[in-house]
Amino acid sequence: LEEQQEMMIQAALATSLTWSRGPTPENGQAWTRAGELALQLGDREMQLQAEYGLWLFHLRSGRYTQALEHGQNMADLALQFSDRAAFLTARRLIGTSYHFLGRHAEALFEIEAMLDAYVRDERHGSHFRFGLDRRVAGWAFLSRILWVMGNSNKARHAAQLAIEEAIPLDHACTLCCALAEGSCTV
């Protein structure tokens, strides 16, 4: 019971630091500890959340190779747990990491594959399980990738789709992603 409580406290601390202070050393330490405890306790959801948190921590710290590793770890866990929603989120993380690493063709492949798979699926479960709607985030980052690759018309279209899908969700973080990562960047 103590380890379960510590895991939840570490995750809450990590989440609050993520959004209030950014990628501080304490943020990375809290996500790491939450992940260690989740593995020890067999808590699948927290293992996925910790990988997502560590991905975001490293991405925001400019450590894109480490971010990519955590995206890949999340994908491996999602496959192991047969968690399709988490796997699609992990593909976005991997694609976003490739984008920041300058590996735009690989980024394009991952993000388009995620969006294609998601288009075929019904929207189900929580849109915001990993902080924001993964489809809107996919469109936003796709717009950045397309812009860098010289496809400005497709980039603007993807950015517009991100906004159009974000507005009816009425979720501030999702709309912020559509605007900041997609529309304003493009």
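Mentor: Start from one residue. In this predicted model, L142 touches L108, I111, E112, L115 and A158, once its neighbours within four places in sequence are set aside. L142 is also among the residues with the most contacts inside the largest nonpolar core, together with L48, Y52, W55, M74 and W139. That core has 44 residues. Helices α3, α4 (64–80), α5, α6 (104–120), α7 (134–148), α8 (152–166) and α9 each give two or more residues to this core. The most comes from α7, which gives 8 residues. A separate core lies apart from this one; it has 11 residues, including A30, W31, L37 and A50. As a general background, nonpolar side chains in soluble globular proteins tend to be buried together.

Y52 and W55 are 3 residues apart in helix α3, so about one helical turn separates them. With F130, they make up one aromatic cluster. A search of the whole structure gives 4 aromatic pairs.

The largest pocket holds about 350 Å³. It is lined by 17 residues, and those closest to its centre are W19, L56, R60, L132 and E181. Sorted by class, the lining has 13 nonpolar residues, 1 polar and 3 charged. Helices α3 (44–60), α5 (84–100) and α9 (172–183) each supply at least two residues of this lining.

R91 sits in helix α5. R91 counts as buried because its relative accessibility is 17%, and the cut-off for buried is under 20%. Beyond its neighbours within four places in sequence, R91 is in contact with F109, E110, A113 and M114.

In α9, take L175. Its relative accessible area is 30%, so L175 is partly exposed. Apart from neighbours within four places in sequence, L175 is in contact with A166 and I167. From L175 to S82 there are 93 residues in sequence and 29 Å in space, C-alpha to C-alpha.

S82 belongs to the loop between α4 and α5. S82 counts as exposed because its relative accessibility is 66%. Its phi is near 55 degrees, which is positive in a residue other than glycine. D170, in the loop between α8 and α9, also has a positive phi, of about 50 degrees, and it is not a glycine either. With 72% relative accessibility, D170 counts as exposed. For context, most residues other than glycine have a negative phi.

Terms used:
Residues are numbered from 1 along each chain as its sequence is written. This is a predicted model: local features need pLDDT of at least 70, side-chain atom pairs count only at pLDDT 80 or more; totals for chains, interfaces and linings use all residues. Side-chain values use heavy atoms; hydrogens and water are left out. On a 1 Å grid over the protein atoms alone, a cavity is a set of points where a 1.4 Å probe fits but cannot get out, and a pocket is an open set with protein on both sides within 12 Å along at least five of seven lines; lining residues have an atom within 4 Å of a point. Grid points are joined across faces, edges and corners, and a volume is the space filled by probe spheres set on the points. Helices (H or I, at least four residues) and strands (E, at least two) are DSSP runs, numbered from the N terminus. Ala, Val, Leu, Ile, Met, Phe, Trp, Tyr, Cys and Pro count as nonpolar, Asp, Glu, Lys and Arg as charged, and the others, Gly among them, as polar. Buried means under 20% relative accessible area, exposed over 50%, partly exposed in between (1.4 Å probe, protein chains only). Contact means heavy atoms within 4.5 Å. A nonpolar core is a set of buried Ala, Val, Leu, Ile, Met, Phe, Trp, Tyr and Cys residues joined through side-chain atoms within 4.5 Å. Rings of Phe, Tyr and Trp (its six-membered ring) pair if their centres lie within 6.5 Å; planes under 30 degrees apart count as stacked, over 60 as edge-to-face and the rest as tilted.
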